[in-house]
Amino acid sequence: MQGTFYVVGVGPGDPQLMTLKAASILDKCNVWFVPSAFENGGSMALKIASGAVNSDGKEILSHRFPMKQVHRGKSPDPEVQKAWQEAAGTITKCLESGQDVVFPTLGDPAIYSTGYYVCETLQQNGASCTVEIVPGVSAIGASSAVSEVPLCLGDERLVVIPATFENSRIRELLALCDVAVFMKVHKVMPRLVGLLEELDLVDKAVLVERCSLGDQKIWKNIREAVDKEIHYFSTMVVRK
C-alpha cells in the first residue's frame, strides 16, 4: 500500500505556534523530508518541528533547495529543477515502500513554499500518491500580531508583494491596495525604504525581524534598518 505525502506548515519560528494537526502528523510519520537552504546546512523547519515533536527514531532526510527566484510561467533555473526532481524521486521511493512522508515547511505552505513545487513535480512525474496539505501560521499573520498592526479591516484591500519586484511593479500594486505586506526584504532594504520615502509611506511601515523567535525585533522606524544586516526571516507591513 502506497504511503501519503504530507506538506505541513510549522509556523514562523516559535514551536508553540505549530497547529495540533501539524504536530500529530509529524508524530505519526516516521520519515521527515526536511528542506535546507545550504549544502550540509541546518534546517529551520526541522528545528521548529523538533521543538514541538520528539524526532528521536525518525528518519530525517535533509535535502538542499537552492535559494533562487522562481518565475511562474517560465522554466526554472536548472539547479532548482534538479533539486525538485531529486526530492520527488527520494519521496516517491519512500511512498512506494508504504511509508508516509512529511515535509515540514516554514510558515504556511500556501505562501511561497517549496513544498508546493515538490507536489507539482510529483504530479508531473505521474505519481499516484495521496497528498495532504496542512496549513500553518504564516509569517505574515504572526508579524501583524506581534506588531499590533492589522492586515485588513472593513473594506481594505491587502496585497502581498515580494520586495525583490522592480520599483515600477511595486508602485502599481501599492496604488491598488490599502495595506501591503513585503516579503524577502532582507537584501533590498535601501531600495525599498527609498521607494517608500518617495511615496510618503515610510512612516506607515513596520518591519518585523525573526518573528516569534527569542531575538525577535520590531522596527517601528524602518529607516534605522537600512544599514543593518537584516535576517532573511523579515517581513514588512505598510498600512497606507
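**Around helix α5**

Modeller: The cover over the buried residues of α5 includes β6 (158-162), β7, β8, β9 and β10 (234-239). Contact here is heavy atoms within 4.5 Å, and helices (H or I, at least four residues) and strands (E, at least two) are DSSP runs, numbered from the N terminus.

Biologist: Which residues of α5 are buried?

Modeller: In α5 (residues 139-147) they are I140, A142, S143, S144 and S147. Buried means under 20% relative accessible area, exposed is over 50%, and partly exposed is in between (1.4 Å probe, protein chains only).

Biologist: And what follows α5?

Modeller: E148, and its phi is positive, near 60 degrees.

Biologist: Before we go on, what are the ground rules for this one?

Modeller: It's a predicted model: local features need pLDDT of at least 70, side-chain atom pairs count only at pLDDT 80 or more, and totals for chains, interfaces and linings use all residues. Residues are numbered from 1 along each chain as its sequence is written, and side-chain values use heavy atoms, with hydrogens and water left out.

Biologist: OK, zooming out. How many helices and strands are there?

Modeller: The protein has seven helices and 10 strands. Its radius of gyration is 19 Å, close to the 18 Å from the globule rule for 240 residues, so it is as compact as a globular protein of that length. That radius is taken over C-alpha atoms, and the rule is 2.2 Å times the number of residues to the power 0.38.

Biologist: What does the C-alpha trace span?

Modeller: About 60 × 40 × 40 Å along the principal axes. Of the 240 residues, 45% count as buried. For contacts between residues at least 6 apart in sequence, 69% join residues at least 24 apart.

Biologist: How many positive and negative side chains are there?

Modeller: There are 24 positive and 28 negative ones, and the centres of the two sets lie 3 Å apart. Lys and Arg count as positive and Asp and Glu as negative, leaving out His and the chain ends; each charge is placed at NZ of Lys, CZ of Arg, CG of Asp or CD of Glu.

Biologist: Switching to cysteines. How many disulfides turn up?

Modeller: Zero, from a search of the whole structure. The test is a pair of cysteine sulfur atoms within 2.5 Å.

Biologist: Where does C29 sit?

Modeller: In the loop between α1 (20-28) and β2 (31-36). C29 counts as buried, at 0% relative accessibility.

Biologist: What is C29 in contact with?

Modeller: Leaving aside neighbours within four places in sequence, C29 touches Y6, K58, D100, V101 and V102.

Biologist: Last topic, backbone. What's the phi of K184?

Modeller: Positive, about 60 degrees, although K184 is not a glycine. K184 is in the loop between β7 (179-183) and α7 (189-198), and is partly exposed at 33% relative accessible area.

Biologist: And where is S212?

Modeller: S212 is in the loop between β8 (205-209) and β9 (217-219). Phi of S212 is positive too, near 75 degrees, again in a residue other than glycine.
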